[in-house]
Amino acid sequence: VFLISRRPPISTLGLSSAASDVYKRQINAEYMGYLFMEDKKEDNKDDSLNIKHGSASEDTDKEDDAPEKITDKVGDKENLKMENGVVREILEVGEGSSKPSAPAIATIIYKGYFTKTKEVFDTSDDKPVQVEIGHPALLEGFSIGLEGMRKNEKALITMKPKYAFKNAKPEVKIPVGFESKIEELKKKTVAYEIKLLDFNKRVDINKDRMLIKTIQKDGKG
């Protein structure tokens, strides 16, 4: 189907012959300009329908799949809480960009001791154990330190009393020999050597530990 544009009729009622000619030429010129503008609108409309897939747009849409460059070094220390409340020192550099967060289940090997006496009060005896980050049974400083670690990283987590036994929940295991010395224990600064062997990602849907989703594999996009 072809559509032919037709110019509206020109009315010259009340004009002299000379004026009528001038008026007609003016109207014709204006109408030709109108057709030109309409043609441009149609061209622009057509262009808007042409979706171009150039390299620039492809580069923008592509995800950066390059692995994160790890700049961690043995001996690096990170202050995780104000006034050195929790300090993490890297003993062995880990791998990958993913880090666990509560309520992830972490598989670890650990040893806990008092910083002044170096007395070991808790250990996994070099055997892997699983702990839930953020669980009341863990010292707060323990969970805080674990959350920033990479897989296969070994770190020394030092925590002041506030993040150790001073504000510990009832679920926390009391070191052997301190069952009757709780007040003394609450004043202790402790340290844990922790190696993070593996972890799985979990999401606490309602933030009440009643509905937890385990992520088997990360999605894309």
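## Close-up views of a predicted protein model

**View 1. The whole chain, from end to end.** Read along the sequence, the elements of the protein follow the order α-α-β-β-β-β-β-α-β-α-β-β, which comes to 4 helices and 8 strands. Helices (H or I, at least four residues) and strands (E, at least two) are DSSP runs, numbered from the N terminus. Numbering of residues starts from 1 along each chain as its sequence is written, and the side-chain values use heavy atoms, with hydrogens and water left out. Please keep in mind that this is a predicted model, where local features need pLDDT of at least 70, side-chain atom pairs count only at pLDDT 80 or more, and totals for chains, interfaces and linings use all residues. Of the 221 residues, 26% count as buried, a word that stands for under 20% relative accessible area, with exposed for over 50% and partly exposed in between (1.4 Å probe, protein chains only). The accessible surface comes to about 15,800 Å², and 51% of that belongs to carbon and sulfur atoms; such areas come from the Shrake-Rupley method with a 1.4 Å probe, and for residues only the protein chains shown count as cover.

View 2. The predictor's confidence in each residue, pLDDT, runs from 0 to 100. Its mean over the protein is 76, and 60% of the residues reach 70 or more. Strand S6 has the highest confidence, at 97, while helix H2 (residues 55-61) has the lowest, at a mean of 45. Two stretches stay under 50: residues 1-8, with 6 contacts beyond four places in sequence in the model, and residues 51-64, with 4 such contacts.

**View 3. The largest nonpolar core.** A nonpolar core is a set of buried Ala, Val, Leu, Ile, Met, Phe, Trp, Tyr and Cys residues joined through side-chain atoms within 4.5 Å. The largest one here has 29 residues, and those touching the most other members are Ile108, Phe142, Leu146, Met159, Phe165, Tyr192 and Ile194. At least two core residues come from each of strand S3 (105-114), helix H3 (140-147), strand S6 (154-159) and strand S7 (190-204). S7 supplies the largest share, 5 residues. Zoom in on Met159 and, leaving out residues up to four places away in sequence, you will find that Met159 touches Gly85, Val86, Leu139, Gly141, Phe142, Ala164, Thr189, Val190 and Tyr192. Helix H3 is mostly covered, with 6 of its 8 residues buried; these are Gly141, Phe142, Ser143, Ile144, Gly145 and Leu146.

**View 4. Strand S3 and its partners.** S3 is mostly covered too, with 8 of its 10 residues buried. Strands pair if DSSP finds at least two bridges between them. S3 runs antiparallel to strand S5 (residues 129-132), joined by 4 bridges, and Ile108 stands opposite Val129 in S5. S3 also runs antiparallel to strand S4 (residues 120-123), this time with 3 bridges. In S4, Asp122 is the bridge partner of Gly112, and Thr123 is that of Lys111. The two strands S3 and S4 form a hairpin with 5 residues between them, and Lys118 in the turn has a positive phi of about 65°.

**View 5. Arg88, a buried arginine.** Arg88 sits in strand S2 (residues 86-92) and is buried, with a relative accessible area of 7%. The side chain of Arg88 makes a polar contact with the side chain of Glu78 at 2.7 Å. A polar contact is a pair of N or O atoms within 3.5 Å; within protein, one must be able to donate a hydrogen and the other to accept it, and residues adjacent in sequence count only if both atoms are side-chain atoms. A polar atom of the Arg88 side chain also lies 2.9 Å from the backbone oxygen of Gly145. Beyond four places in sequence, Arg88 is in contact with a group of residues including Asp76, Leu80, Ile144, Met149, Glu153 and Ile157. Ala155 is 67 residues away along the chain, yet its C-alpha atom and that of Arg88 are separated by 6.4 Å.

View 6. The loop between S2 and S3 holds Ala104, which is buried, with a relative accessible area of 0%. From C-alpha to C-alpha, Ala104 and Phe199 are 6.6 Å apart in space, although 95 residues apart in sequence.

Notes: Contact means heavy atoms within 4.5 Å.
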